[in-house]
Amino acid sequence: MSEALRVFDLSGRVALVTGASRGIGRATAVALASRGAWVAVNYATNAEAAGEALAAVRAAGGYGELLPFDVSDAAAVTAAVEGLVQRKGPLSIAVANAGVNIDGLLLRAQEEDFDRMLATNVKGTLFLAKAAVRSMMKARHGRIIAVSSVVGAMGNAGQSMYAASKSALVGMMRSIAREYGSRGVTANVVSPGFVETDMTAGMSDDARKKLVEMTPAGRIGRPDDVAAAVVYLASNEAGWVTGQVLGVNGGLRM
C-alpha cells in the first residue's frame, strides 16, 4: 500500500451512501471507494445517474453496487441494509446524505412540503441509522455520518422548513453518539456551506456573488470538499470524534 493510502485507509470496510447518484453523495461514494471501502450507491429514482456514479466509483479503483430504495420508507431501508449485510458482511459506514429542499417564505409555507422534507431529511436519516446500528453494534465498530447544512445553524430567508429539518440532525446524531459510543459506534454531522450542486444551480448571479463575498475562502464549495470531511469521519483516525458537527463552509459560519 502506498504511503498516501496509509492515512484514512478504509480497506475492508463496507459503506452505504444515500442519495449517491449526484452531487455530494456521488463525490462521497467515490472518495470512500478511493480509500478502499466497498460502497453501496443508493438512489431513489434516477437510475441512470446512479449508474454513472457507480462507474465513477469503479474508475477510482473501487468496488460497489447500486442499492435502490426510498429513505423515507422505513421497511425498505431496513430490508436494504439487512440484505447488504447478508451479502457483504457488517456495515461499517453509513452516510445519510439523501435530502430534499423546497424553499419558500414562511407565510407561503405548505404543510405537504414540510412533511416531505421531514420524511426524507429527518426520518430518512433516523431509519438509516437505526438499520445500520444493529450491524455496527455486533461488530463493535461503526461510523454514522449525517449530512446537514450551514442553513440549519445560521438560518436563511426562505428556508425555515429546510433549516428545521437539517438542524434536527445535530440532536439526533448527538443522542446516537451517547447511546452507542460504548459499542465502538461514532455518530457525527458534516455541515456544508453552499456547494455547487443541483440544489444551488438555480441561484442568480447576484446571489452567488454575495455568497462568495460573505465567504472568507472566496469561493462556493465543491462536492469533493464535503466528501473529504466524510472520509475523515469514517476513518480510524476519527475514532475518538463523536457527537460533533464538522463545518465545511469556507468560513461562512465560524
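The chain holds 8 helices and 7 strands, taken as DSSP runs numbered from the N terminus (helices are H or I with at least four residues, strands are E with at least two). Its radius of gyration is 17 Å, close to the 18 Å that the globule rule gives for 254 residues, so the chain is as compact as a globular protein of that length. That radius is taken over C-alpha atoms, and the rule is 2.2 Å times the number of residues to the power 0.38.

This is a predicted model, in which local features need pLDDT of at least 70 and side-chain atom pairs count only at pLDDT 80 or more, while totals for chains, interfaces and linings use all residues. Residues are numbered from 1 along each chain as its sequence is written, and side-chain values use heavy atoms, with hydrogens and water left out.

**Overall dimensions and packing**

- Along the principal axes, the C-alpha atoms fill a box of roughly 50 × 40 × 40 Å.
- Of the 254 residues, 48% are buried (under 20% relative accessible area; exposed is over 50%, partly exposed in between; 1.4 Å probe, protein chains only).
- Among contacts (heavy atoms within 4.5 Å) between residues at least 6 apart in sequence, 74% join residues at least 24 apart.

**Surface and charge**

- The chain exposes about 12,100 Å², and carbon and sulfur atoms supply 52% of that area (Shrake-Rupley method, 1.4 Å probe; for residues, only the protein chains shown count as cover).
- There are 26 positive and 22 negative side chains, with the centres of the two sets 8 Å apart.
- Lys and Arg count as positive and Asp and Glu as negative, without His and the chain ends; each charge is placed at NZ of Lys, CZ of Arg, CG of Asp or CD of Glu.

**Aromatic pair**

- The count is 1 aromatic pair, where rings of Phe, Tyr and Trp (its six-membered ring) pair if their centres lie within 6.5 Å.
- The ring centres of F8 and Y232 are 5.9 Å apart with planes at 80°, so this pair is edge-to-face (over 60 degrees; under 30 is stacked and the rest tilted).
- F8 sits in the segment before β1 (14-17) and Y232 in helix α8 (residues 223-234), so the pair links distant parts of the chain, 224 residues apart.
- F8 is partly exposed at 27% relative accessibility, and Y232 is partly exposed at 29%.

**V245**

- V245 belongs to strand β7 (residues 245-248) and is partly exposed at 36% relative accessibility.
- Leaving aside neighbours within four places in sequence, V245 contacts V170, R174, V189 and S191.
- V245 and L54 lie 191 residues apart in sequence and 28 Å apart in space, C-alpha to C-alpha.
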